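Welcome, and please open the model in your viewer. We will take it one selection at a time.

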Amino acid sequence: MATITIKHITKAFGDNVVLREFNETFGDGEFITLLGPSGCGKTTMLRIIAGFEKPTSGELYIGDQLVSGGKTFIPPEKRGIGMVFQSYAVWPHMNVYDNVAYPLTIQKKSKAEIREKVNRVLDIVHLAQYARRFPNQLSGGQQQRVALARALVAEPQLLLLDEPLSNLDAKLRETMRFEIKEIQRQLGITVVYVTHDQTEAMAMSDRILLINRGVVQQSGTPEDIYNRPANQFVADFLGKVDFFKGESRDGRILFPAMGGQSIPYDGPRKGGVDVAIRPENLYFAADGPLSGTLESQYYLGDVDDCRVRVGDTLVRVIVNGHEYKTLTPGQPVRLGIRDFMVFEDDGLLEQMLQIQT
Ligand SMILES: Nc1ncnc2c1ncn2[C@@H]1O[C@H](COP(=O)(O)OP(=O)(O)O)[C@@H](O)[C@H]1O
Ligand SMILES: [Mg+2]
């Protein structure tokens, strides 16, 4: 069983606390993504699971077995884990077959067993016809699939992937997302996937752990995290969002920086609030609650990306490309709003914006 249980794991390099009090359980067969900005501790967590790094404190279990904690430390090669990293790390002097066979060769498996397993896994990653080629005769995507095949050939129950697609071009990255997901489904293995790319995380994961500065901000399905973000950081990290300072009272939220215009609100928060609006949740509507003037319009085919000045505030509005009609800059418009998120004004947003700038 490839469940992973992480109990109170903290990791510091000298004074630098990189992971704080990690407490998570990953289910058997689950596709988990560690998502977060560069430097937030994703690779460190993955390396702790793999056994390349010892936690400063806390315990790690794979299945029922304690692999790290107290005096116990099981080395990486005894953890039964497959791994793929950002750089393909395939051996240039070996052909595809030998690259993939390597983990079994060093385990001194029989030739017949090696042949059967290598052929099976090459089929899975769609490389059967390339077995005799050398890495320099393959595309980046094919080389990365060699690395994936090599990670899978020993039939691990747990696969760790650290930004495996980030060296590939955009189109290939998209195809590979679905391939990896399909392979995971087919084999029923547990995957822990690391990325800083929110679209990748959304497309592949059963569950996303969004991390900031070594602390899990939210754990949930892509839908949860996108639609019900726990805080402003989460709302900002996934998808496009703009924040506005508001005042909640009498069933409305009033925006001082929009000349005091307001939108209806029947939620629980009162007083000063941070309102997060995804630009795709705004639309042009003659009876919308906000009025302003159009500043700019960019037709991008799939979407129509506009900026509207409302009072002193520039508001981004993204409407579906098929609803496109030419507007004139300077023309008055009204905006309707489908959905928005309201957070307590706890100073977090200011802190966050400071970190970013
Ligand atoms: N071996 C190490 N020694 C010292 N600091 C490290 C080491 N590995 C990682 N760090 C630091 O830990 C933090 C998190 O790094 P990392 O886990 O690689 O982040 P991510 O993968 O999310 O980009 C960074 O500040 C990094 O500099
Ligand atoms: Mg990393």
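A residue counts as near a molecule if its C-beta atom, placed from the backbone, lies within 6 Å of it. Keep in mind as you look around that this is a predicted model.

**Stop 1: the ligand.** Select ligand 1 together with the residues around it: Phe13, Asn16, Val18, Gly36, Ser38, Gly39, Cys40, Gly41, Lys42, Thr43 and Thr44. Two elements give two or more residues each to this shell, strand S2 (16-26) and helix H1 (42-50). H1 gives the most, with 3 residues.

Stop 2: Follow S2 into an open sheet of 5 strands, ordered S2-S1-S4-S5-S6 with antiparallel pairing. S2 and strand S6 (72-73) are the edges; each has a single partner strand, so one side of each is left without a neighbour in the sheet. Next, highlight strand S1 (residues 4-13), which pairs with S2 over 7 bridges in the antiparallel sense. To see one bridge, pick Lys11 and its partner in S2, Leu19.

**Stop 3: a helix with two sides.** Move on to helix H3 (residues 111-124). Which residues of H3 are buried? They are Ile114, Val118, Val121 and Leu122. Look down the axis of H3: these buried residues fall within an arc of 105°, so they line one face of the helix. Then show helix H2 (96-106) and helix H4 (140-152), which are among what covers the buried residues of H3.

**Last stop.** Just after H3, select His126, which takes a positive phi of about 60°.

Conventions: Residues numbered from 1 in each chain as written. Chains lettered and ligands numbered in written order. Predicted model: local features only at pLDDT ≥ 70, side-chain atom pairs only at ≥ 80, totals over all residues. Helix = DSSP H or I, 4+ residues; strand = E, 2+ residues; numbered from the N terminus. Pairing = 2+ DSSP bridges. Expected span 1.5 Å × (residues − 1). Buried ≥ 20, exposed ≤ 12 C-beta atoms within 10 Å, placed from the backbone. Arc of directions from axis to C-beta. Contact = placed C-beta atoms within 7 Å.
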